[in-house]
Protein chains: 2
Amino acid sequence: MRNITVGELRSASLSQLKEICEEIRQEIFQTVSVCGGHLSSNLGVVELTVGLHRVFDFPKDKIVFDVGHQCYTHKLLSGRADRFHTLRQQGGLSGFPKREESAYDCYDTGHAGTAISAALGLAKARDLKGEEFSVIALVGDGSFNNGLIFEALNSLHILDTNILIVLNDNGMSISPTVGGTHDVLTEMKEGESPCEDVALFERFGLTYMGAVNGNDLSALLPALEQAKQGLKKGSILLHVVTKKGQGFPFCENAPMQTHGISPKSGMSEYSTALGEELSAIAKENDKIVAVTAAMTDSLGLRPFFDAYPERAFDVGICEEHASILCAALAAGGMKPYYAIYSTFLQRAFDEIIHDVCGQNLPVTFCIDRAGVTGADGETHQGVFDLSYLSFIPNLTVAIPKNIAEFRLMLRKSAEYPFPLAIRYPREGTEGTASEFEFGKFEVLHSTMSDILIYAAGERCIRLAEEIRERTLKGNVDVTIVNARFLRPVDSQMILSRHENTVVTLEDNVKVGGLGDAVARVLRNSGKRVLSYGFDDTFLPHGDCNDLRDRFGLNPDAIAEDLLRYACR
Amino acid sequence: MRNITVGELRSASLSQLKEICEEIRQEIFQTVSVCGGHLSSNLGVVELTVGLHRVFDFPKDKIVFDVGHQCYTHKLLSGRADRFHTLRQQGGLSGFPKREESAYDCYDTGHAGTAISAALGLAKARDLKGEEFSVIALVGDGSFNNGLIFEALNSLHILDTNILIVLNDNGMSISPTVGGTHDVLTEMKEGESPCEDVALFERFGLTYMGAVNGNDLSALLPALEQAKQGLKKGSILLHVVTKKGQGFPFCENAPMQTHGISPKSGMSEYSTALGEELSAIAKENDKIVAVTAAMTDSLGLRPFFDAYPERAFDVGICEEHASILCAALAAGGMKPYYAIYSTFLQRAFDEIIHDVCGQNLPVTFCIDRAGVTGADGETHQGVFDLSYLSFIPNLTVAIPKNIAEFRLMLRKSAEYPFPLAIRYPREGTEGTASEFEFGKFEVLHSTMSDILIYAAGERCIRLAEEIRERTLKGNVDVTIVNARFLRPVDSQMILSRHENTVVTLEDNVKVGGLGDAVARVLRNSGKRVLSYGFDDTFLPHGDCNDLRDRFGLNPDAIAEDLLRYACR
């Protein structure tokens, strides 16, 4: 698409602006159809972003996109239209705001609820430096469930600075937004109880404006102008109502299914197995409960929620609260399962330690999208979980070799009386699995050679097989072990094996994961330990296999290493 | 003190109840004077706790103490009075609620803001099991700043269960409570704007009751009875106003200074140096800003806050928000310092990754109370930070050898353009320090022997010296190195040293810290690496030195190991 200048935006008539919006909408739709990405969230804010770019003066003015999955129009309007076809591709535009990419991106996001805090920091820095510009936080209603928003609002008076919060209310998180805050917003939107509810925000020091139709430029532009003027006097909350998926009926009608689009590989999904198994277990065991933080469907739990609504809780984007809720449900005698993406579980790190493991409560964490996740980039890679779970007392950490083993782990987990984390990628193969004990590895392919590979999880087992194909060409066979527990690691097997060259493969950063755990057991044993995992860097967006090959898990390079050692 | 039975509480007249309160107050004061502990927070809730025990039926009914630093009266009234003199001592009563200690303690706490989530989980479990009892969350106004509270309130409708929230409003966090939520509570307390402010809570599905004087049993008892009845119909917020330190004028007048009492050792405090150095740096550099989460004084930052109020922000108990605020201040060109206790920084784990290090922003984390902290027990030990910081890309992690080196690190940090974490214990010695480069270790004591100790931080360097005293008696000397950076670790030195036995000492759990970092560098080198740190368990309350000796850092045992290896 052509780059639209700010001059063009400013001089355009309302009908010309509408044409520009249509052009942008088509561009987003076509690009996402090819590259994957966030669709409905971006379609909903086309007019709003066009309006902001017309009224404000970017990049002098600053805008922080909460989560960032609604920044495509902003990218198209800030000199990146000609590169938009590279979206989410290796070396191309990121699907999220990136300071490194453009001066128009002032703050990187990816996780929910950070934008108001960030806007406050940028605004306060501006004040302290004696500069003048506007700072805007664009936040979806789903993020308003997150505690961070209230922590930030609590700071408004303390920081004594002015920001504009644009509340983009489309009634959706990824799942529909739920809970008390949402009810308040809904009433405000519908103008039912302005006194109490507007007060919810005004007490924090915000002037409330709205609600305005954010897909109608004729209503939106004057509201944005008014907000810009109002900013001179104090902080403002502008409540904008938009339709997620606006402009494409099939998106409008299925905003959850079209929130994000990713090319299907045809492989099976672990999440499907989670929904099936948990539903089956719950049928036999009335203590089973499931908790999610606004991602019921993408985690595969819809069947469970449908079958056992009284034991299924979507608490909104509240990763910390969800963790404590599980701990307390367990303390009260229930058996909770908390399903969440690897990168988002980072939010509940303290609660895993303080609430779940500190009390040694039988909560099961089902950690989806573990390992490299690809096109969403730095903020969505699940490559730290093995490291941040490796040292938490009382916690068992499991890494299934395939979906069948994942199912078996889930079934066994129902009787497991301790905290348990099971981490798995999005996609995999069903395969087969046989009975196991917690903490015990499994030999998958045995040979008399002097090299043994401990591989954690399906992808790394496949990688081990790829490596073996290559070493076999050099007449070197290798033993492959399914290293399915990081905690407790199978010290007994590790100490008793005869191989002198021990290799570890993990879909996680190298520091702090399986490699370190195996090496710790073999310390001072005289054995050679070669650990492979991701480099000590944030992994950018790109294809999962490309990222794997470029950042430390390249089968050719590893096979070469092994052949070299085998010759010594 | 004698154990007071619930029968005695129930049959007591008002004046007898007041006598019991006085008896309890004296017991708390005397015990804390000897054992240390939380004083003013406990003195404030004596009547409230007596009232709860009279009106409710514990342990059938459940009470969750937010943070838990106000549970002493509860312990005295639940059959633990005869053991109260063992408070915070090894093997004695914990200063916090502990499920393992008593059936009256239904949920362990220590960090702020968890109680409503926990109460909801316990109540929902009760409902699902068809049981009947009341669940109470006792929460201070300081915790109401924390986002977790709003995440929990957001769930009230979703979970469809009834709990009683007792808001213990004393106007204090540890520092005075600050921010918008506090302003709302204050207005509610003073009855100024009931319509809007009561609505803040009622919108979430709570019936508001209050405010009632929580130090006046004649007002409190009927309010608690009323709340108990009301609970049958829905969830209730009972707003109770108490005086922190009630009953002891010097506590009432200095609630911050008497919040917690701990025996003074006479050593210097790192926090004093933080306040001095940061103030000195800020004089030269107008980009320096400081952020704390409700602990300005205990972190030593009062002088900075007094000297540079416009660059000093106490944002309340909002550890996550504080971290993002710092990231954004840095993105805006400022140089932020975020001072926080090690255990509480766990709350900002995702923000360290996502906001600070993901954007490679020059935020400096000043991590106080690192390592074993002693009498507060499991929830307050700072023994995980080296592990959870060890694998975060872009982060530098420093561990000063003494206060002089800490000062030097702070001065050098002002020009350091990357994320930096400096972790240190509460107390230490001033000592001396000389110029260094980031990532470089320092040889403190050199010998020709075959044993080298890498010691992280002042306590471990002292431990290394204690070990050396012991090995010298066996005619074995050791080299001691100040391992002052975990990231980047000094690979160059580690690889170039001649010693064949390499020892690591760290005031952190063994998994994931310095030992693993050094061993990673020396992997496959043929050198022997012996790593010492804390065992893979939650460290209970007790004396710091005792804990050190019992859980893995015993100088006698380590010296014995070294002598044994030296003989081989």
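Biologist: By what turn and what shift along the axis can chain B be laid on chain A?

Modeller: Keeping in mind that this is a predicted model, chain B can be laid on chain A by a turn of 180 degrees with a shift of 0.0 Å along the axis, and the RMSD is then 0.0 Å. That is the relation of a two-fold axis.

Biologist: And which residue of chain B comes closest to the rotation axis?

Modeller: That is B:Gly147, whose C-alpha lies at 1.7 Å from the axis. Both copies use the same surface for their contact, since 100% of the contact residues of chain B recur in chain A.

Biologist: How many residues does each chain bring to the contact?

Modeller: Chain A gives 91 residues and chain B gives 91 residues. On the side of chain B that touches chain A, the largest share comes from helix H6 (residues 115–129) of chain B, with 10 residues, and that side as a whole divides into 41 nonpolar, 29 polar and 21 charged residues.

Biologist: Changing topic, into which domains is chain A divided?

Modeller: Chain A has domain 1 (6–261), domain 2 (268–428) and domain 3 (442–567). Taken over C-alpha atoms, the centres of domain 1 and domain 2 of chain A are separated by 31 Å.

Biologist: How many residues are in contact between domain 1 and domain 2 of chain A?

Modeller: In chain A, 21 residues of domain 1 are in contact with 17 residues of domain 2, and the residues on the domain 1 side divide into 15 polar, five nonpolar and one charged.

Definitions and conventions: Residues are numbered from 1 along each chain as its sequence is written. Chains are lettered from A and ligands numbered from 1 in the order in which they are written. This is a predicted model: local features need pLDDT of at least 70, side-chain atom pairs count only at pLDDT 80 or more; totals for chains, interfaces and linings use all residues. Copies are superposed by least squares on the C-alpha atoms of residues with pLDDT of at least 70 in both. Two residues are in contact if their C-beta atoms, placed from the backbone, lie within 7 Å. Domain bounds come from an automatic or database domain assignment. Ala, Val, Leu, Ile, Met, Phe, Trp, Tyr, Cys and Pro count as nonpolar, Asp, Glu, Lys and Arg as charged, and the others, Gly among them, as polar. Helices (H or I, at least four residues) and strands (E, at least two) are DSSP runs, numbered from the N terminus.
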